[in-house]
Every structure is written in structure tokens, then in C-alpha cells.
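Trainee: I would like to learn how to read a model like this one. Can we go feature by feature?

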Amino acid sequence: MTPTNDSAVKTPVAPVESALGGGDAVASPPPSRGHSRRRWAIRAEIALLAGPALLVFLTFVILPVIIAAYYGFFSWSGYGPATDFVGLRNYIVILQDDAFQSALRHNAIIVVLSLVIQGPIAIGLALLLNRKMKFQSSLRVLIFAPYVISEVVVGTGWSLILASNGALNGMLEKLGLEGLQQDWLSNPELAIWTLMAIITWKYIGFAVILFLAGLQGIPEEITEAAAIDGASYWQIQRRITLPLMGPTIRIWAFLSIIGSLQLFDLVYIVWGQYVAETAGTSTMATYMVSSGRNAGSYGYGNAVAVVIFLISLTVALLYQRFVLRRDTDGAVTGGSDN
Amino acid sequence: MSTTTLSRPSHRAEAPAKSIRRKPTFGIYFIALALVGTIITPIAYIIIGGFRSNAEITQDPAGFPNEWRVENYANVLGSDVFWREVLNSTIAAVATTLAVVVLGVMAAYVLARYQFKGRGALFSVFTAGLMFPMTVAITPLYILVRSLGLMNSLAGVIVPQVAFQLSITIIILVPFLRTIPRELEEAAFMDGCGRLKFFWRMVIPLSMPGVVTVGILAFIASWNSYMLPLFILNNEATYTLPLGVQAFASQYSVDTAKVLAFTSLSMIPALVFFSLFERRIVGGLTGAVKG
């Protein structure tokens with residue numbers, strides 16, 4: 001939609017501007033000067049309006065990446081100038097560290113499981129909540145509630161619920177299901193699944209709201225026409241709704257992957273830096289904090305940040321190249337009908 | 001029931017009657033009920049647990065209170081620490097929201113309504129921010145904030161939060177600003193209204209739905225922000241609520257009931273705020289997904 005909209009917008013705007021410039025020119029003696037003055041005025045407006053946001057953005061979002069790349073080459077305790085240049089040694093240590101490798105593995109598992117678990121459930125729930133039913137809007141609010149609650153609250157609450165003497169095991173005992181009682185948080189075979197359950201509970205609402213938004217973008221006429229032609233509810237969802245939801249699903253998957261690669265808060269709050277490692281839930285980000293800031297090795301921490309950045313960037317670029325590209329193609333060709 | 005609901009015109013803009021007209025069945029309501037249970041149970045556990053005593057919780061972790069005690073909540077509400085953290089969180093969230101909205105609308109206006117070389121590149125720069133949540137930047141960000149002398153100050157949290165919130169803000173606002181009719185702009189120019197005047201008089205009021213959406217998202221993000229305050233705020237006097245919850249939870253780790261009371265009080269503002277503006281958020285995301 002974007003490119004066509006632009007070109008549609010561009011054509012009318014050019015005549016307006018030149019007409020205005022021309023109007024100026026009639027009034028003021030040299031036409032070329034009036035025109036260029038107007039161009040400068042527009043440039044000044046652009047700089048005035050976009051400048052502050054761009055400055056803040058570049059300073060606090062982009063510059064840190066450059067800072068990290070610089071300090072990543074030093075062994076540095078965080079105070080005073082960094083003088084102990086170690087070249088690529090930090091990076092070699094990171095890549096050879098078992099703790100980092102298992103953190104990376106956990107991140108990979110979280111990426112895949114988030115997509116596989118949340119995607120289908122969220123699509124189902126979005127279809128459900130898109131139907132007319134009682135309490136529809138209350139349900140929509142409710143499902144988004146966990147997303148709005150802070151990670152600290154979610155983490156604190158869940159760690160009390162899931163502790164070995166916590167509410168979940170207590171409930172199982174009440175139901176006479178003592179056999180199912182588990183050490184949900186510290187059993188290394190179980191902890192990653194516990195983490196996935198918490199992640200799903202916390203973030204599924206975001207996927208559902210996004211999918212609901214996508215569903216509302218599907219023209220009613222299409223599904224109505226299909227219904228008149230005798231297509232069943234499930235046929236319509238499978239053949240029409242889902243394919244049309246494609247772009248939304250792919251954007252969600254992208255955000256989910258990036259979020260999973262950078263997961264920190266929940267793990268750090270529920271497990272803490274030490275337990276996370278033994279329970280098998282550590283992530284690259286918790287590794288970065290525990291081996292960087294908490295160990296007083298800021299050079300090393302910055303190197304880990306660079307590694308996470310490069311991994312995220314590679315994944316993001318590959319995803320855009322091979323998955324999202326279809327959407328831009330679609331937008332260009334599909335949008336031209338508008 | 002179905003006939004009356006269906007014949008009544010939908011009054012909700014975002015809930016048009018596009019769902020296939022099929023009577024909701026028992027199964028649907030069953031799934032919905034299970035969903036509600038799954039979402040509510042943990043939240044209810046936190047809130048109800050705050051009304052219990054520690055002895056009760058230890059003895060029967062999953063039960064209801066024998067008697068509903070308010071003393072845990074009263075204790076928290078009567079403590080200076082809690083209110084100081086509420087104040088810090090409020091200052092950070094309000095300042096972040098205002099700054100994000102002002103800077104975001106200005107930049108989005110340029111991206112939506114001006115034609116200039118490098119516009120696409122500028123938009124890509126801002127959208128690239130979406131790829132990198134704060135995690136990657138936190139270590140160098142800490143160094144940057146420290147060298148700016150903003151450690152242990154709310155400003156050290158607010159400014160980076162604004163920067164990181166700009167991406168989603170601009171992505172949501174640009175489609176909103178594009179929908180302002182071109183004719184309106186032309187008419188305003190004909191009447192001798194400059195672009196900047198047009199911006200204040202027309203663009204801001206007309207883009208209010210989008211502005212409210214990004215404002216709410218910024219507020220909630222700031223209210224819940226954990227990693228950045230963890231790095232920047234080391235002095236308890238500057239703690240925001242998330243840090244406070246965590247500090248409280250480790251300080252009173254044996255006093256589970258009190259922790260639960262503190263935790264549930266700290267989540268109320270974001271929940272209230274969100275339920276008031278839920279439609280706006282859905283509406284804003286719809287615009288962003290379609291655009």
C-alpha cells in the first residue's frame with residue numbers, strides 16, 4: 001500500500017507546490033529566488049520537525065551499538081579509560097564458553113517453541129474472538145491483560161505459584177494428583193517448558209490483538225460472498241481468512257523471533273542469574289548481564305552485546321529477505337489496484 | 001438471542017459483523033471459559049494471596065483466605081516506600097509519554113506528508129529500531145548514560161525510553177497522518193495557513209486516535225520497564241515500582257502475603273489504564289498492520 005499511496009500523493013502535491021511557488025513568483029520580482037526560498041523553508045521545516053526525534057534516536061538507539069563495538073575489543077572494568085586492548089579475545093572466549101553456547105541453545109529453543117505454541121493458539125483465539133458472542137469485548141480486554149502487567153509482577157507471581165511448595169503443587173495435592181507434583185522451576189528437564197508456559201501466558205494476548213487487527217482488515221464482502229456460495233465456516237477460515245492473514249502472521253512471527261532472541265526480564269526475575277544456568281533457562285541476555293555488568297567486565301559484556309546484535313541482525317535480515325519480501329511484493333502489485 | 005443481536009447495528013467500529021453468522025455453540029463458550037480461567041487464575045492468586053496470612057499460605061498454598069485480612073494491603077498503602085516508587089514510576093511514565101508523543105508526531109508528520117529525498121531512508125532508520133529492543137543496547141547505554149551524568153536520575157531512564165519507543169510510535173502514527181485528506185491541507189494553504197500552523201491546528205486534533213494509542217503504549221512500556229532502571233537506578237530513593245517489587249520480594253522473601261499485596265497494588269495502574277483505552281490500542285494496531 002505504501003508505495004502506491006506515495007505516488008498517488010506525490011502527483012497532486014507537486015502542482016500545488018509549484019502553483020504556490022508560482023504565486024509567490026508573481027508577487028516577488030525574481031521567480032527563481034522565491035522558489036528556492038520556499039524550498040529552503042520546507043527543508044527547514046523538515047529539519048525542525050524530524051530533527052529532534054532523529055537526534056534522540058541516533059544517540060540512544062544507534063550510538064550504543066557503536067560504543068559496544070568499540071569497548072568489545074577491550075578488557076575493561078567499566079571505570080577510567082579503556083586501555084587494555086585485547087583484539088578479538090573477548091569474542092573467542094564468548095564463542096568457546098559452554099555457558100554462552102547453552103544460552104544460545106536455549107534462545108533457539110525459545111524462538112521455535114514460541115512460534116509453534118503461540119502461533120496456532122493465537123490464531124484460534126483471534127478467530128474465536130472475532131465471532132459474535134457474549135462478553136466479546138470483555139474477553140478481548142482480558143486476554144490482553146497479562147501483556148499489560150509488568151514482567152516483574154508476572155515473574156514474581158509465577159515464581160511463587162510454581163515454587164516447589166507453591167500454589168500449583170498445593171492445588172495438585174488438593175485434587176489428589178500428588179503424582180503430578182513437580183519441581184517446576186529447578187528441574188532442568190522441565191524448567192524450559194515452565195518458561196514457555198509463562199511466556200505464552202504473558203505474550204499470547206499481543207499476538208491475538210495483532211491477529212484481530214489483521215482480521216478486521218479483511219473485507220467483509222469476500223467472506224460473505226463465500227458464505228453465500230455455500231462455503232462452510234471452516235472452509236472460509238482455511239481458504240480465505242488464513243491466507244489473507246499471512247502478512248499479519250509474518251509480522252507477528254518476526255516480532256516474536258526478535259523478542260525471543262533478546263529475552264531477559266522474565267528469566268532474570270523468576271530464575272535469577274545463577275539458577276537460570278543450572279535450570280537450563282539462561283538466555284544470551286542473562287549471560288550478558290551476569291558475565292558483564294555483574295562480573296564487572298564491561299568490555300566482555302559489550303562484546304556479548306555485539307554478538308547478540310549480530311545474531312539478531314542476521315536473523316532479521318534473513319527473515320526480511322526470504323519471508324517478508326513476499327509481503328512487500330504483494331503490497332506493490334496488490335496496491336496498484338487501489 | 002442471536003436474532004436480536006444480529007439485527008441490531010454494531011455500535012463498535014472495530015467489531016463489524018464480518019464474522020460468519022453462526023450461532024455460538026456450547027463448545028465455543030467452553031473454550032472461552034477455559035481461556036478466562038487460565039488468564040485470571042494467576043492474577044487472582046496474587047490478589048487473593050494478599051488477603052491471607054503467611055501461616056495460611058504455607059499450610060495451604062492454593063486456598064482461599066479463612067478470613068479476609070486487609071492488613072497486608074494496609075501496610076503497603078501506609079508505607080512511604082510504596083508511594084515514593086509510585087511517584088517515581090508516574091514521573092517517568094508521564095514524561096516518557098509526553099516526549100514520545102511530541103517527538104513522534106513531529107517526525108511522523110514529516111514522514112507522512114512531506115516529499116523529500118531520503119524520506120524512505122529516514123523511515124527505515126526509525127523502523128530498524130523495532131528490530132532491536134533495549135536488551136542489546138543496555139550495556140553501552142549504561143556507559144552512555146553514566147558519561148552524561150544521568151545515573152540514579154529518572155532522566156537517565158526517561159530519555160533512552162523515549163528513544164526506544166519512537167520506532168513503534170512512528171510506525172503507528174504515519175498511516176494515521178496519511179489519512180488526513182489532501183484537500184484539507186490544500187484548503188488550509190489556500191487560506192494562507194502555513195504548513196506548521198496547519199500541523200498544530202489540523203494535524204494534531206485529527207490524529208488524536210493514533211496519538212492516544214501510542215501514548216498508552218508508551219505509558220505502559222515505561223510503567224513496566226525493568227531492565228533499564230535496573231542498570232541506571234542503583235539508589236533506592238530513585239527506584240521505580242518494578243525495581244521496588246523486586247527489592248521488596250527479596251527483602252521480605254519469607255513474608256509471601258506482603259509480597260503478594262505489594263505486587264498486586266503495583267499492577268493496578270497499568271491494568272486500569274489499559275482497560276480504559278483498550279479500543280484505542282486495537283484501533284491503532286489495526287492502522288499499523290494495514291498500513
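This is a predicted model: local features need pLDDT of at least 70, side-chain atom pairs count only at pLDDT 80 or more; totals for chains, interfaces and linings use all residues.

Trainee: Is B:V145 buried or exposed?

Mentor: Count the neighbours. The cut-off for buried is 20 or more other C-beta atoms within 10 Å. B:V145 has 23 C-beta neighbours inside 10 Å, so B:V145 counts as buried.

Trainee: Which residues is B:V145 in contact with, leaving aside neighbours within four places in sequence?

Mentor: They are B:L150, B:M151, B:G156, B:P160 and B:I232. B:V145 and B:A155 are ten residues apart along the chain, and their C-alpha atoms are separated by 9.4 Å.

Trainee: B:M151 is in that contact list. Where is B:M151 found?

Mentor: B:M151 is in the loop between α7 (134-147) and α8 of chain B. Its count is 16 C-beta neighbours inside 10 Å, so B:M151 is partly exposed. Beyond four places in sequence, B:M151 is in contact with B:V145, B:R146, B:G156 and B:I232.

Trainee: What should I look for in the backbone angles?

Mentor: Most residues other than glycine have a negative phi. Now the case here: B:N152 has a phi near 55°, a positive value in a residue other than glycine. B:N152 is also in the loop between α7 and α8 of chain B. With 16 other C-beta atoms within 10 Å, B:N152 is partly exposed.

Trainee: What does an exposed residue look like by this count?

Mentor: Take B:G37, in helix α2 (residues 26-49) of chain B. B:G37 has 10 other C-beta atoms within 10 Å, so B:G37 is exposed. From B:G37 to B:N72 is 35 residues in sequence and 26 Å in space, C-alpha to C-alpha.

Trainee: Now the chains. How many helices and strands does chain B have?

Mentor: Chain B has 14 helices and zero strands. Of its 291 residues, 48% count as buried. Look at contact range too. Among contacts in chain B between residues at least 6 apart in sequence, 79% join residues at least 24 apart.

Trainee: And what are the values for chain A?

Mentor: Chain A has 14 helices and two strands. Buried residues make up 38% of its 338 residues. Of the chain A contacts with a separation of 6 or more, 65% are between residues 24 or more positions apart.

Trainee: How do I check that a helix has the length it should?

Mentor: Helix α5 (residues 136-148) of chain A has 13 residues, so at 1.5 Å a residue it should span 18 Å. The end C-alpha atoms are 19 Å apart, which agrees. The buried residues in α5(A) include A:R140, A:I143 and A:F144.

Trainee: How do I describe two packed helices?

Mentor: Two packed helices are described by the angle between their axes and the distance between the axes. Here, take helix α6 (residues 151-162) of chain A and helix α13 (residues 241-251) of chain B. Their axes come within 8 Å and cross at roughly 25°. That makes α6(A) roughly parallel to α13(B).

Trainee: Which residues of α6(A) and α13(B) meet?

Mentor: From α6(A), A:V152, A:V153 and A:T156; from α13(B), B:P242, B:V245, B:Q246 and B:A249. By class, this contact has five nonpolar, two polar and no charged residues. α13(B) is mostly covered, with eight of its eleven residues buried.

Trainee: Last, the core. What is the general idea?

Mentor: In soluble globular proteins, nonpolar side chains tend to be buried together. In this model, the largest nonpolar core has 165 residues. Among those with the most contacts inside it are A:F211 and B:L166. Helix α8 (residues 154-178) of chain B gives the largest share of this core, 16 residues. Beyond four places in sequence, A:F211 touches A:A122, A:I123, A:A126, A:M245 and A:T248.

Definitions and conventions:
Residues are numbered from 1 along each chain as its sequence is written. Chains are lettered from A and ligands numbered from 1 in the order in which they are written. Axes are lines fitted to C-alpha atoms, for helices over the stretch in contact, and angles run from 0 to 180 degrees between N-to-C directions. Helices (H or I, at least four residues) and strands (E, at least two) are DSSP runs, numbered from the N terminus. Angles under 35 degrees count as roughly parallel, over 145 as roughly antiparallel, 65 to 115 as roughly perpendicular and the rest as oblique. Two residues are in contact if their C-beta atoms, placed from the backbone, lie within 7 Å. Ala, Val, Leu, Ile, Met, Phe, Trp, Tyr, Cys and Pro count as nonpolar, Asp, Glu, Lys and Arg as charged, and the others, Gly among them, as polar. A residue is buried if 20 or more other C-beta atoms lie within 10 Å of its own, exposed if 12 or fewer, and partly exposed in between; C-beta atoms are placed from the backbone. A nonpolar core is a set of buried Ala, Val, Leu, Ile, Met, Phe, Trp, Tyr and Cys residues joined through C-beta atoms within 7 Å. The expected span of a helix is 1.5 Å times one less than its number of residues.
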